[in-house]
Amino acid sequence: MKVLSVVGARPQFVKLAPVAAECARRGVEHVIVHTGQHYDPMLSDVFFDDLGIPDPDVHLGVGSGTHGEQTGAILARMDAVLGAQAPDWVLVYGDTNSTLAGALSAVKLHLPVAHLEAGLRSFNRRMPEEHNRVLTDHAADLLLAPTLVAMGHLADEGLAGRAVHVGDVMVDVLMTVRAELADTPGVLERLGMPAGGFSVATVHRAENTDDPARLAAVVAALSQVDHPVVLLAHPRLRAKAAAHGIPLEGGALTVREPLAYPDLVAAVAASRGVVTDSGGLQKEAFVLRVPCTTVRAETEWVETVQLGWNVLVEPGPEVSAAASRPAPSPTDAAPYGTGHAAAAVLEALGAPG
Ligand code: UD1
């Protein structure tokens, strides 16, 4: 059996790691196509190195552009790759432009497509990720859902017959990395943060970075938190802050480069809270039992909110207040599974055991 994974952006490399390992364990041929959507070494190469992912077999090198340019460039370059590789399954991940383009290329060539992380919905049609999710789910042949809530959304859209609940592969990789963490004090020293006394912040979504007033309100709120906050600045954030003339440092706020995945896990596990607009980090905070403050009007990961470990806030004073709140009551709930999702994915693809 031959599986071809299409990845291109940071969260997809994290999800790819346990799938690549499970393919290797089962002797399944696995071809990795990197679209080149993310090309900075700290957003791409370090994930392959640190998570033991084999180097991509094919690199499309599409780089940045408008949504149409980026999606179109991937589409235009995929035909030859899929024609030459002729996989049994094309596997696409998450909700980026690389996901949609990978799915569409495969569908048009009549190759079976599976969507890993299917069924997530924010119901916010202004988000590019929401278009990517909905369109990919409706194009794909097999929908690999991380949660029961996601299964419900797929059923509501008439897609239950193609859906399988597999759990969340991000829990697989998080548990593996957490068990092997080596140098947490070194990570904290490099960040200049005190163990247990700081928050980790990330901001990169278009809805928060592209509107100058909204971005200024997020940054001002982070600078007013009552303990140190380290902001791990995504290139989009740096570019937009510079373009809008918004300084990122000040008050409680220190800015650092994005972290490699094991260092991010170490930092979050040693923090008192997370402030973010990332999807993955909301779950990582929950699994590590660190309170999360999400700067968005809605979340796809509703379980984190229902269980009391995540609160949604608007940019402004709400952010600082929520970031300073105490930890909620403990829970042993595991809505994202127990770290065996990659095996369930390979089962659903019909791979040998
Ligand atoms: C993308 C995904 C988002 C995901 C995020 C994770 C889409 C629509 N969005 O958002 O779902 O949560 O990745 O990080 O696919 N840039 C660099 N270096 C890079 C990559 C990007 O400088 O390696 C800059 C580019 O100039 C670009 C901007 O960052 O303009 C945004 O990159 P893009 O890939 O369009 O989207 P992300 O914001 O990273």
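## Polar contacts

A polar contact here is a pair of N or O atoms within 3.5 Å. The model is a predicted one.

By that cut-off, H204 qualifies: one of its polar side-chain atoms is 3.1 Å from an oxygen atom of the ligand. D95 also uses a polar side-chain atom, at 3.3 Å from a ligand oxygen. D40 contributes through its backbone instead, with a polar atom 2.8 Å from an oxygen atom of the ligand. The ligand on its own would expose 750 Å², of which the protein buries 85%.

## Shell around the ligand

The ligand is surrounded by 19 residues, and the closest are Q37, H38, Y39, D40 and R236. By class, the shell has six nonpolar, nine polar and four charged residues.

Three helices, α3 (67-85), α5 (128-139) and α11 (235-244), each provide at least two shell residues.

## Location of the site

The largest pocket is the space that the ligand takes up. The ligand lies between domain 1 (2-168 + 337-348) and domain 2 (180-323), because both give residues to its shell.

Conventions. Residues numbered from 1 in each chain as written. Predicted model: local features only at pLDDT ≥ 70, side-chain atom pairs only at ≥ 80, totals over all residues. Heavy atoms only, no water. Near = heavy atom within 4 Å. Polar contact = N/O pair within 3.5 Å; in protein donor to acceptor, adjacent residues only side chain to side chain. Areas by Shrake-Rupley, 256 points an atom, 1.4 Å probe, with all protein chains shown as cover. 1 Å grid on protein atoms, 1.4 Å probe; cavity = no way out; pocket = protein on both sides within 12 Å on 5 of 7 lines; lining within 4 Å. Sits in = over half its atoms within 2 Å of the grid points. Helix = DSSP H or I, 4+ residues; strand = E, 2+ residues; numbered from the N terminus. Nonpolar A, V, L, I, M, F, W, Y, C, P; charged D, E, K, R; others polar. Domains from an automatic or database assignment.
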